[in-house]
Amino acid sequence: MTWQTKEQLVKLLVDLVEHASITGSQGEIALAEYLYSLLKEKKYFQQHPEYLQLHPVPDGRSFLTAFVKQVESEETVVLLSHFDVVEVQDYGDLTDLAFRPVELTQELKKRNAQMPKAASEDLESDEWLFGRGTMDMKAGLSVQLAMLERAMSGEFNGNILFISVPDEEVNSAGMQSAVPVLDELKKRYGLTYKACVNSEPMFAKYPNDQNHYIYTGSIGKVLASFYCSGIETHVGEPFSGLNANLILSEINRLMELNDSFCEQVGDEVTPPPTSLMMRDLKQEYSVQIPHASVSMYNLLMMNRPFSELHKKLVDVAKEAAVNVERFYQDRVQRYNKFIPFTPLDRKINVFTYKELLQKAISKYGDQEVERRINNLLTHRGVEDDRDFSTKLVGELVGLCKEYSPMIVLFYSPPYYPAVSSKENGLIQKTVDRVVTHAKKVYQIDLKQQHYFPGLCDLSFVQLHDDRQSIARLTTNMPLYGNHFSLPLKEMQSLNIPVLNIGPVGRDPHKWTERLHIPYAFETYPELLCFSIKSIFNEDE
């Protein structure tokens with residue numbers, strides 16, 4: 001079995017897509033083992049079995065490394081991919097076909113009138129293959145396997161280290177487990193990592209974007225969270241308490257689509273923050289007002305230091321506190337027209353998680369606070385990282401009720417550091433060569449972008465924030481060190497230049513997800529091969 005022609009690559013892609021590797025499923029576990037079995041059949045790995053390995057992720061999943069070494073060479077290009085995909089509920093009555101791309105594409109042709117216009121036009125061209133994972137990112141994975149095959153035949157003047165991981169779509173647990181292995185392999189074989197090349201597909205910057213992109217970095221992300229603790233009361237006595245939803249609504253007003261959080265680098269701009277979750281924490285209906293609520297906001301980053309972002313978020317919490325205090329006093333004055341009374345003090349405290357933790361420790365001692373947190377960890381059950389982070393904050397709030405009403409700023413997983421190699425001479429020279437080559441040979445205008453906008457595992461092969469800035473994150477993340485951690489030391493040690501060049505697709509994470517077959521399996525393999533050769537031959 002080889003993967004060099006368009007037909008062979010289509011067959012490989014369909015094969016991989018038919019493995020329903022939804023993040024967190026048994027199919028995700030099975031696909032790692034299947035990739036291992038495919039490569040194990042190759043003569044090279046039969047001769048060098050030590051170069052092909054499945055590595056465990058602490059939660060029972062695995063990632064794969066495959067190393068092809070050239071004699072007397074230390075220079076190595078890392079090819080990075082992920083093999084998990086998002087769920088398929090959005091396919092509706094076509095769910096059973098979501099992982100059968102050939103059949104799905106044929107069925108969609110029968111329903112062409114129901115398709116969105118752009119998807120319908122692509123369908124009529126017969127150049128696109130539909131299905132979950134075709135674009136994101138099993139096409140890129142397929143072509144990387146083809147490059148690994150070329151490395152076995154000696155096509156490159158250096159080593160290729162192929163690595164494919166699970167869980168990229170949720171928490172990047174696979175990549176975070178892989179980083180120490182990358183560092184260990186580097187030391188074991190005396191390697192010099194020239195670049196880490198990802199094959200995520202091109203992402204459209206706007207609807208019907210027809211441009212082609214090459215990326216020299218990847219955008220960062222933090223999930224900023226606000227826990228609001230009010231004062232409980234019966235709805236018949238609203239001025240005896242303070243509704244946590246009132247505090248939360250003011251935070252949301254200040255955060256949602258706030259352009260002061262946007263960053264601009266050249267013509268690239270991060271979108272403003274938007275709420276990913278906003279709810280009160282009452283478990284059931286009652287006539288007690290909600291006295292605890294939480295919201296989480298998606299924040300994307302490029303150049304901004306995390307410490308600066310952290311300060312802006314603290315300032316938002318403080319502004320929200322002042323605004324709610326004023327709003328409450330205004331409502332008291334209005335109600336006094338009907339019933340005169342002396343209002344209660346409703347000063348709202350603002351803490352970071354670290355500050356609240358210190359208050360709980362000063363009140364109860366290290367051992368008691370640790371005992372309570374460990375008890376929650378022991379009985380965690382199936383709660384996801386976001387909900388469990390909220391529960392840990394709520395435990396501390398309960399220990400420090402005398403400080404309510406309060407707003408607590410904390411962070412929940414996942415966290416993706418922003419990475420960029422726009423200043424790296426080798427990467428820039430490679431991009432210039434690839435752009436020129438694509439124009440000359442294929443009449444394609446590749447546009448360089450400093451940051452891949454879709455988030456990817458390249459975030460974990462560099463680390464630019466200083467220790468103090470990162471501490472703002474880790475000390476205010478309840479799960480850090482309890483379930484979630486970052487291989488910070490290894491990330492700094494690796495510091496690999498990054499590049500993302502991938503196939504053309506449309507509609508990632510939608511039921512109309514699709515891949516442009518001619519580009520993916522005719523043009524793209526040659527561009528990726530050219531890129532790898534350019535990295536190895538930087539002085540030519």
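The points below go through selected features of this structure, which is a predicted model.

1. The nonpolar core. The largest nonpolar core comprises 179 residues, and the residues with the most contacts inside it are Leu39 and Leu313. In soluble globular proteins, nonpolar side chains tend to be buried together. When neighbours within four places in sequence are set aside, Leu39 is in contact with Trp3, Phe45, Leu52, Leu64, Ala66, Leu145, Leu148, Met152 and Phe162.

2. A buried glutamate. Glu28 is found in helix 2, which covers residues 26–40, and with a relative accessible area of 1% this residue is buried. Its side chain makes a polar contact with the side chain of Arg61, at 3.0 Å. Apart from neighbours within four places in sequence, the residues in contact with Glu28 are Ala20, Ser21, Ile22, Thr23, Arg61, Phe83, Asp84, Pro166 and Asp167.

3. The packing of helix 9 and helix 14. The axes of helix 9 (residues 306–335) and helix 14 (residues 467–474) come within 8 Å of each other and cross at roughly 40°, and the two helices are therefore oblique to each other. On the side of helix 9 the contact involves Phe306, Ser307 and His310, which meet Ser469, Arg472 and Leu473 in helix 14.

4. Not counting residues up to four places away in sequence, Asp465 touches Pro305, Phe306, Tyr415, Ile470 and Gln492. Asn303 is 162 residues away from Asp465 along the chain, while the C-alpha atoms of these two residues are separated by 9.7 Å.

5. A buried threonine. Thr430 belongs to helix 13, residues 425–442, and its relative accessible area of 1% makes it buried. Leaving out residues up to four places away in sequence, Thr430 touches Leu499, Ser531, Ser534 and Ile535.

Key. Residues are numbered from 1 along each chain as its sequence is written. This is a predicted model: local features need pLDDT of at least 70, side-chain atom pairs count only at pLDDT 80 or more; totals for chains, interfaces and linings use all residues. Side-chain values use heavy atoms; hydrogens and water are left out. A nonpolar core is a set of buried Ala, Val, Leu, Ile, Met, Phe, Trp, Tyr and Cys residues joined through side-chain atoms within 4.5 Å. Buried means under 20% relative accessible area, exposed over 50%, partly exposed in between (1.4 Å probe, protein chains only). Contact means heavy atoms within 4.5 Å. Axes are lines fitted to C-alpha atoms, for helices over the stretch in contact, and angles run from 0 to 180 degrees between N-to-C directions. Helices (H or I, at least four residues) and strands (E, at least two) are DSSP runs, numbered from the N terminus. Angles under 35 degrees count as roughly parallel, over 145 as roughly antiparallel, 65 to 115 as roughly perpendicular and the rest as oblique. A polar contact is a pair of N or O atoms within 3.5 Å; within protein, one must be able to donate a hydrogen and the other to accept it, and residues adjacent in sequence count only if both atoms are side-chain atoms.
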